[in-house]
Amino acid sequence: MFNFNSHRENYAIITDGGEYFSYKQLEFLQKEFSHYISTRSLIILLTERNLASLIAYVSCIENGIIPIMLDEKINDKVLNEIIIKFRPNYIWVDKNRSDFIHNKKVVYTCYGYVLLCLNCAKLKTDDDLGLLLCTSGSMGVPKFVKISYQNIISNINSIVKYLNIIEDDRAITSLPFCYSYGLSIINTHLYSGATILLTNRSIIDKKFWEFFNLCNGTSFSGVPFSYHMLEKVNFINCNINTLKTLTQAGGHLDVKVQKKFNDYAYASNKRFFVMYGQTEATARISYVPYDMLKEKYGSIGIPVPDGTMRLIDEQGLMIKKPFCVGEIIYEGKNVSMGYAREYSDLFSGDKNKGILNTGDLAYFDEDGYYFLVGRKDRIRKLLGIRINLDDIEKELYNIYNKEFACIIYNDKLYIVCENNIDENKVIKYISKKMNLNKSVFMFLIIRLPRKENGKIDYQQLLNDINI
């Protein structure tokens, strides 16, 4: 998949520790990893933006090993429940996680990680299943998106086309590997014979950008929170000469910030792409061509190459007139096979058949550019992570036997309750459970407004707390 033979002498990876790896060397490392694992095995990869995670992922995709991509900081209880439900053969874990490694068979070690054997049984999976990605934001055991090899190739080809990724490009690792957007950067650049600038540093760390400059980085990708942070540190006045492409996805970016970064890109001969996607579409669904953004601020753009979008109304009929709101239906070879909640779902076939009901509501204008207006349900994105607000409410109710209401506004998650409760304890629990910084939470004690049917009136709640 990653064309090692075509780019053998190109640099595939440059680390912020000063290590350089050609495609020839990456091919050797990934083959060595796969030597210890049977084809079609299921493996959990606890990933960070580091060399061990990248080698393991590449090896899995190249050798027919199915990775379950997870964040290294995943809650231990959730991790153990995933192991019980999915019966993985192996797990790839940081060697310092000694509590987890204890009493398990160590098969292989490399770059600070160890490969542990959990289960020797031969597992049954769909033949084309290549990857499992968490839908993210779920409380308890998450469900996973089943992504096929065809999905990955299709997504790679469409992104390479509209971003025009070439072997001279150098993309920095600014997003997690277990996140579909972050993984798409790895896939597209390795496929193109380009270079990955590998770092686990924060984007507001001075050394992140020193590394980028030193290695002549060309592209940066971020979620809305990333761009808000860069705005605060006055990024647009920094001297990043080799940067030529900026991309944004993972939720709506405030139009004022879009304008600021687009003006910066235009003035410095760079390209700024606003994009939209879902993990269920192996990352990308639509994009705004960089030279059209100024005319289409706030839009999620047009379908990616080889994909189609349409809207349906509440009766399921296709909307043909502009400025009428309906649900986005996306169709393309990058649409995933469906969801997996347990082992038996790994051989349940392709449920989607190339068609994705996104759950997002939008309209298109007279030029065919789409604009999001909301979601059909209560799943929202916060800092690029999809959050199920109902799951949080249920979790808190089960703990405290009291009703809670949760809403997201301006990159803050508001937790509202009518009763006096230790807010610090609530926020600490939820932030740890969801792996989100405590600073994104707000806690309020007020009356919960209700509709006539007794359900919480979330729109009125927004008004009541004076947002």
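Helix H6 supplies the largest share of the lining of the largest cavity, five residues. Helices (H or I, at least four residues) and strands (E, at least two) are DSSP runs, numbered from the N terminus. This is a predicted model, where local features need pLDDT of at least 70, side-chain atom pairs count only at pLDDT 80 or more, and totals for chains, interfaces and linings use all residues. Residues are numbered from 1 along each chain as its sequence is written, and side-chain values use heavy atoms, with hydrogens and water left out.

A cavity is a set of points, on a 1 Å grid over the protein atoms alone, where a 1.4 Å probe fits but cannot get out; its lining residues have an atom within 4 Å of a point. Two cavities of 30 Å³ or more are counted.

The largest cavity has a volume of about 170 Å³. Volume here is the space filled by probe spheres set on the points, with grid points joined across faces, edges and corners. Its lining holds 19 residues, and Leu163, Ile165, His189, Ser221 and Thr247 are the closest to its centre. Two or more lining residues come from each of H5 (149–163), H6 (180–191), S12 (219–222), S13 (245–248) and S14 (271–276).

The second largest cavity holds about 40 Å³ of space. Leu131, Leu133, Asn155, Ser180, Leu183, Ser184, Asn187 and Thr282 line it. Strand S8 (129–134) and H6 each give two or more residues to this lining. H6 again gives the most, with four residues.

How values were computed:
On a 1 Å grid over the protein atoms alone, a cavity is a set of points where a 1.4 Å probe fits but cannot get out, and a pocket is an open set with protein on both sides within 12 Å along at least five of seven lines; lining residues have an atom within 4 Å of a point.
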